Amino acid sequence: MARLLVTGGAGFIGSNFVRFWRERHRADELLVLDAMTYAGNAASLDGVEGINLVEGDIRDGNLVGSLLRERNIDTIVHFAAESHVDRSILGPDAFIDTNIVGTHELLKQAKAFWLDQGSGRDHRFHHVSTDEVYGTLGGEDPAFSETTAYAPNSPYAASKAASDHLVRAYHHTYGLAVTTSNCSNNYGPYQFPEKLIPLFIINALHGRSLPIYGDGMQIRDWLYVEDHCRGIELVLERGKIGECYNIGGGAELANVEVIDTLCRSIDALFADVPALAERFPDAPAARGQDTSQLKTYVTDRPGHDRRYAIDERKIRSELGYVPSREFESWFDHTMRWYVENETWWSAVLDGSYRNWVAANYASR
Ligand code: NAD
Ligand code: DAU
């Protein structure tokens, strides 16, 4: 039996990971530590049995230290972060505080408990990072591998790169048993509706515009969140201490391709389920019109990375990772989840996010 501390476990990927782990490792103890920022929602963990949720900040060393000791934690899976690139452009400080200072506080507390006081007991610190640390690719460049040089371009990516380096340093200097995974763009249930896919699904349902940054030809490698969770599980179970693993979805698509798929899927769903027209009367699809009429090209994101792509040969060959299904199939599943779970996203959007958007985006 393992005793896991999952930081950021009330966020998008963290809550999917907690669900995934609870299903597959029923005897393990699961403690979630989450500061419940705008992106953290206890509702994302509804129905998950046998977990403890502590509202608190990873920067609070006393809290983290006492949780490690009291719960005798042997594994930390570290998701907690500020995660949205646009927010990092408008307000980088929170990214430095949580992603760099917060990760360092966790590392210090883990070292104190496992190494300084714990006489080298079996332990693991798994750090969840991003492909954005590698910067941007041209159309013909080889995909990011674990040996690609770091070249982060946004304050978010730079803060994640710094946290990756700290994790690495705690292994090399102190012998902390760490692993890191760097993954591509996740999609799936419980993603906060500021990221491309959930934002555009919800906008389409309300008949609001779909703001496409620049020419919309930026490429991302789309990874279904459950595949990401399986990748992390493989790294925890079989990954080599001190190593980094890239995790991708094998679905390199331009944003406009994703958006066109989204528009077509919504049109098809409304045609199949006439009752949706009553629930979402402002959607073009409710009037038999194309959702694609909502597409609007807007000013590009500053410093916008053009292309991300993951070379996942290492995790495939060493750990046997394979993404489970095609993008279209998981995308359809995701779109239906948002249509069926309006209660979740309307509650999430009723909170501080709306105020934040009003304050920060009103003049753009
Ligand atoms: P998210 O924004 O949905 O969730 C982040 C969670 O961390 C929230 O629950 C929030 O309340 C919590 N949190 C924030 N600051 C905290 C603090 N100081 N102390 C404790 N909790 C805090 O993010 P996500 O999309 O689920 O991403 C999770 C991790 O995966 C992040 O580290 C991110 O960098 C990484 N990642 C995300 C993606 C993606 O596509 N979403 C891709 C690659 C890597
Ligand atoms: O690559 C991994 C990263 O993926 C993670 O580390 C980040 O936490 C996660 O937010 C994500 O970053 P992106 O910036 O790629 O994701 P986002 O959903 O914000 O945007 C995806 C693409 O869509 C990107 O090229 C910007 C574009 N976009 C996004 C929004 C929100 C638009 O064109 N319009 C939009 O309104």
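How far is an oxygen atom of ligand 2 from an N or O atom in the side chain of Arg 301? In this predicted model, the distance between an oxygen atom of ligand 2 and a side-chain N or O atom of Arg 301 is 2.6 Å.

Close-up 1. On its own, ligand 2 exposes 680 Å². The protein buries 94% of that area.

**Close-up 2. The shell around ligand 2.** This shell has 24 residues. Ser 83, Thr 130, Asp 131, Tyr 156 and Arg 301 are the closest. By class, 10 are nonpolar, 8 polar and 6 charged. Helix H6 (196-206) and strand E8 (210-213) each supply at least two of the shell residues.

**Close-up 3. Polar contacts of ligand 1.** Asp 57 has a polar side-chain atom 2.9 Å from a nitrogen atom of ligand 1. A polar side-chain atom of Ser 83 sits 2.7 Å from an oxygen atom of ligand 1. Asn 186 contributes a polar backbone atom, 2.9 Å from a ligand 1 oxygen.

**Close-up 4. The shell around ligand 1.** Two or more shell residues come from each of helix H1 (12-24), strand E5 (124-130) and helix H5 (155-174). E5 gives the most, with 3 residues. In total, 29 residues surround ligand 1. The closest are Ile 13, Asp 34, Ser 83, Tyr 156 and Lys 160. The classes are 13 nonpolar, 12 polar and 4 charged.

Notes:
Residues are numbered from 1 along each chain as its sequence is written. Chains are lettered from A and ligands numbered from 1 in the order in which they are written. This is a predicted model: local features need pLDDT of at least 70, side-chain atom pairs count only at pLDDT 80 or more; totals for chains, interfaces and linings use all residues. Side-chain values use heavy atoms; hydrogens and water are left out. A residue is near a molecule or strand if one of its heavy atoms lies within 4 Å of it. A polar contact is a pair of N or O atoms within 3.5 Å; within protein, one must be able to donate a hydrogen and the other to accept it, and residues adjacent in sequence count only if both atoms are side-chain atoms. Accessible areas come from the Shrake-Rupley method with a 1.4 Å probe; for residues, only the protein chains shown count as cover. Helices (H or I, at least four residues) and strands (E, at least two) are DSSP runs, numbered from the N terminus. Ala, Val, Leu, Ile, Met, Phe, Trp, Tyr, Cys and Pro count as nonpolar, Asp, Glu, Lys and Arg as charged, and the others, Gly among them, as polar.
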